[in-house]
Amino acid sequence: MTTFRRRLPEWRSRSLKRETLWFFQWSSKTAGLDPAREAAMAFPHLQQPSFLLASLKADSINKPFAQRCQDLVKVIEDFPAKELHAIFPWLVESIFGSLDGVLAGWNLRCLQGRVSPVEYSIAMEFLDPGGPMMKLVYKLQAEDYKFDFPVSYLPGPVKASIQERVLPDSPLYHNKVQLPSTGGLGLHLALNPFEYYMFFFALSLITQKPPPGALHVRTSDCAYFILVDRYLAWFLPTEGSVLPPLSSSPGGPSPSPAPRTPAVPFASYGLHHTSLLKRHISHQTSVNADPASHEIWRSETLLQVFVEMWLHHYSLEMYQKMQSPHAKLEVLHYRLSVCSALHSPAQPSLQALHAHQESFMPTEEHVLVVRLLLKHLHAFANSLRPEQASPSAHSHAASPLEEFKRAAVPRFVQQKLYLFLQHCFGHWPLDASFRAVLEMWLSYLQPWRYAPEKQAPSSDCQARSVSERWAPFVQENLLVYTKLFLGFLSRALRTDLVSPKNALMVFRVAKVFAQPNLAEMIQRGEQLFLEPELVIPHRQHRLFTVPTFTGSFLSSWPPAITDASFKVKSHVYSLEGQDCKYTPMFGPEIRALLSEAQLAQLTLALGTTQDENGKKQLPDCIVGEDGLILTPLGRYQIVNGLRRFDIEYQGDSELQPIRSYEIAGLVRVLFRLSSAINRRFAGQMVALCSRADFLGSFCRYHLLEPGLSDRRLLSPVGRGRAASLARGPRLSLRFLGSYRTLLALLLAFFVASLFCIGPLLCALLLVLGYVLYAVAMTLLTEQGKLHQL
């Protein structure tokens with residue numbers, strides 16, 4: 001049969017396949033079977049490369065979610081890796097969505113058990129670290145399949161570096177960058193199945209935008225958040241060791257061959273060392289090798305992917321600033337070689353240079369997931385027993401998992417987390433949503449909260465103090481405590497602390513930094529950094545270079561440095577550069593910012609204070625040439641509602657805005673009538689007001705506005721304008737346009753009608769009563785002026 005088929009013309013062979021498949025589909029339908037599945041299993045030699053993929057794509061449209069997942073489980077169990085590798089990229093994209101955010105996939109960020117319990121349980125069981133999807137990953141991993149991942153979807157700094165032919169410092173990208181294939185669109189990474197799966201899983205947190213209706217979804221209840229927690233607990237266990245793949249052979253899984261040789265010449269940021277772990281696996285038999293060393297690469301890969309995808313978001317300038325002089329010189333030599341080869345000035349790609357300038361702002365959900373990662377890493381690193389955590393335990397006898405626990409935070413997380421927090425502190429809006437960033441920062445600052453020996457609540461202050469065993473952590477993370485505290489202080493002084501949510505954030509930070517012994521440890525760390533280098537002769541030859549924190553955890557690890565001062569300086573210089581200017585948290589410059597007046601304002605429970613006479617104080621001001629000038633404290637008092645100026649209208653009373661208690665149309669009519677009268681009788685009113693007798697006093701009481709010199713003009717502009725205006729006698733009828741005046745007149749006429757008094761007589765009585773009132777007020781006013789003289 002095979003020989004005969006080979007002799008057939010190509011078109012006849014294709015026709016035979018189509019007819020056979022058509023006949024099998026017809027017979028399967030009559031028998032009630034799944035045609036696609038039965039044809040693929042019964043006639044594997046007739047199966048086209050995309051037939052299984054096409055049938056699964058059709059099922060994804062026609063079948064319900066539960067049935068699709070059941071079919072996928074059967075396909076993963078029954079089909080060999082050769083057929084499964086073709087559907088793997090599509091399956092990963094159909095679950096986590098496309099990298100461009102167009103396809104939402106299973107929408108794990110909004111899937112909740114209390115809303116969709118059936119879909120939630122099926123999805124979680126399928127994607128569990130011990131579930132069918134991970135079995136598929138391990139099945140493909142054993143065959144050394146590679147999958148292309150486009151560089152254009154990586155975080156901005158990584159994408160810009162690779163497009164400039166500069167290799168990032170993480171070993172996650174080593175020997176993986178490939179030139180675009182014929183007709184390809186750009187650079188890509190050649191990833192193994194586990195890396196490919198984790199890349200998509202981590203990036204879906206950023207690329208997939210939740211629908212508008214999911215704004216009120218609680219993140220901690222979503223399938224994605226719980227899956228992150230499960231993966232961390234599985235691959236970074238706090239108890240026991242990493243579980244091996246469920247589909248592994250008794251001798252352990254075969255090691256993955258070395259990645260492909262890079263097809264693109266790259267410069268390098270820093271020195272990269274080959275992982276001793278991978279050399280150990282490839283040169284020893286599975287019987288004698290440590291079982292943990294076979295599987296620890298998955299834990300290392302998981303952590304590197306999470307850190308790179310979630311925290312590697314900052315400017316390329318900041319990234320370059322952290323590099324050692326050796327690395328910068330290496331990059332310069334590379335660019336000069338490119339320049340000489342092309343006989344033209346080196347012109348880096350504009351697209352690459354602007355890629356890192358894209359405004360990236362993490363969402364609250366993103367920050368909450370990062371906080372979950374940090375909390376678990378603290379628990380993972382602190383799960384070492386005291387004898388394992390000691391420096392003497394750092395030897396060849398230590399297991400790979402123990403080495404990884406010691407190196408996880410300083411090598412993988414510390415550098416990128418600091419820059420990520422700096423970015424959030426500088427770009428997050430000044431509102432209560434900053435609470436998510438704040439809690440993430442405070443979680444990292446307090447590793448003792450996640451240590452196994454948690455302190456029980458007690459009224460004894462000494463029992464709640466921070467133990468001295470955490471002093472090395474505080475010193476090696478000094479900038480995370482001090483510089484970020486100053487960044488938070490700058491934000492707090494610009495927010496409205498009258499708001500309870502903003503005031504609560506200040507209280508949270510104050511409570512954390514007020515823990516006994518913490519401030520003393522921070523101050524000792526600053527003293528170690530500020531210690532003069534020339535005091536100790538044996539330190540003079542040392543150079544502060546940038547350690548490769550993100551290298552493989554079993555790479556060339558430097559010997560333990562007992563000099564605490566050198567550790568602190570290495571930390572600061574690695575994050576801020578060799579020429580950094582450190583501002584001590586307990587120095588005079590910062591103390592000048594937390595003055596006694598500001599501290600008093602921060603502790604006020606009421607909005608305003610009162611002076612000795614019981615009057616409200618004005619905002620803090622200084623007297624200048626043009627009047628009062630607000631100080632920074634005064635601006636802070638106004639922003640937070642602690643003090644305020646008594647604002648009143650200082651202009652022409654006739655031209656002030658129409659009030660809510662006035663009839664707008666009537667006020668305008670009365671203004672025109674008053675203006676006509678004033679223009680017509682201006683001379684007569686001036687003559688009457690100039691008289692020295694009682695008639696002159698009576699006219700001045702009604703026609704002259706009270707003197708502006710008696711008013712408190714708080715604005716220098718208003719004072720100059722008031723001095724330039726000389727208003728003469730004039731009549732104002734605006735009081736008749738007030739609702740209150742008209743209501744009082746109507747009430748008077750109504751009361752008069754009850755006593756059988758007509759409208760005309762009532763009007764005469766009102767005029768007579770006002771004249772008597774005006775005479776009395778004129779006499780009192782003139783008498784008061786005589787007493788003042």
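Tutor: Helix α22 (478–492) and helix α25 (residues 564–576) pack with their axes 10 Å apart and at an angle of about 55°, where axes are lines fitted to C-alpha atoms over the stretch in contact and angles run from 0 to 180 degrees between N-to-C directions. That angle makes α22 oblique to α25, because angles under 35 degrees count as roughly parallel, over 145 as roughly antiparallel, 65 to 115 as roughly perpendicular and the rest as oblique. Helices here are DSSP runs (H or I, at least four residues), numbered from the N terminus. On the α22 side the contact (heavy atoms within 4.5 Å) is made by Leu-478, Leu-479 and Lys-483, and on the α25 side by Val-568, His-571, Val-572, Leu-575 and Glu-576. By class, this contact has 5 nonpolar, 1 polar and 2 charged residues; Ala, Val, Leu, Ile, Met, Phe, Trp, Tyr, Cys and Pro count as nonpolar, Asp, Glu, Lys and Arg as charged, and the others, Gly among them, as polar.

The model is predicted, so local features need pLDDT of at least 70 and side-chain atom pairs count only at pLDDT 80 or more, while totals for chains, interfaces and linings use all residues. Residues are numbered from 1 along each chain as its sequence is written, and side-chain values use heavy atoms, with hydrogens and water left out.

Technical notes: Helix = DSSP H or I, 4+ residues; strand = E, 2+ residues; numbered from the N terminus.
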